[in-house]
Amino acid sequence: MLIRELSAGQCTEILASNRLASLACASGEHPYAVPIYYAYSDYHLYSFTLPGKKLGWMRANPNVSVLVVESRGSREWASVVVNGMFEELPDWIGHKVDRDHAWSVLSKQAMWWEPGAVKPIAPPLSDHSPHVFYRIVIQQISGREAVDGDFGSTDG
């Protein structure tokens, strides 16, 4: 097996062609990682959630990491790590364009609201929806891939 670094362009292609990731955030000394569905657009990752631990922690500490892993076979894979900044896209004047863009890129995928809108306990009914659109502003990106094969042998 050979492990090699991916270029920024290759990392971007992987982000654009996938939608499931692990999002890591932190509060104090404790990390917290959860699966999210996302959409990539213009060097941002867009997503959606309901209020909970993840949102509270990202509001308190907007520095996050995102991991996307692409399986390419039994021994081949690629992974991309994004370090970025959480940005909430509230339903307020001044955020409409960004919020509409988030909805637009997310809604191109079937079931785009999962798992962000699915909670183990149903929230109480109210006259407004507590859902939150957000984006991760990509500040740093890196990636690696594993390619199966015997690259170290020489015949002769």
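Eight salt bridges were found in a search of the whole structure, a salt bridge being a side-chain nitrogen of Lys or Arg within 4 Å of a carboxyl oxygen of Asp or Glu. Side chains of opposite charge can pair when their charged atoms come close. The model is predicted, so local features were required to have pLDDT of at least 70 and side-chain atom pairs pLDDT 80 or more, while totals for chains, interfaces and linings use all residues. Residues are numbered from 1 along each chain as its sequence is written, and side-chain values use heavy atoms, with hydrogens and water left out.

One of the salt bridges joins Arg59 and Glu88, with an N to O distance of 2.8 Å. The pair links distant parts of the chain. Arg59 belongs to helix 2 (residues 53–60) and Glu88 to strand 7 (residues 77–89), 29 residues apart. Helices (H or I, at least four residues) and strands (E, at least two) are DSSP runs, numbered from the N terminus. Arg59 is partly exposed, at 47% relative accessible area. Glu88 is also partly exposed, at 26%. Here buried means under 20% relative accessible area, exposed over 50%, and partly exposed in between (1.4 Å probe, protein chains only).

A salt bridge also forms between Asp148 and Arg75, whose closest N and O atoms are 3.3 Å apart. This pair, too, links distant parts of the chain. Asp148 sits in the segment after strand 8 (132–147), and Arg75 in the loop between strand 6 (63–71) and strand 7. The two residues are 73 residues apart. Asp148 is partly exposed at 36%, and Arg75 is partly exposed at 40%.

Arg135 pairs with Asp98, the closest N and O atoms being 3.4 Å apart. Arg135 counts as buried, at 12% relative accessibility, whereas Asp98 is partly exposed at 27%. Elsewhere, salt bridges with shared partners join Arg4, Glu70, Arg72 and Glu145 into one network.

Strand 7 also contains Ser79. Ser79 is buried, with a relative accessibility of 16%. Its contacts (heavy atoms within 4.5 Å) were counted without residues up to four places away in sequence. On this basis, Ser79 touches Leu6, Leu67, Val68, Val69, Ser142, Gly143 and Arg144.
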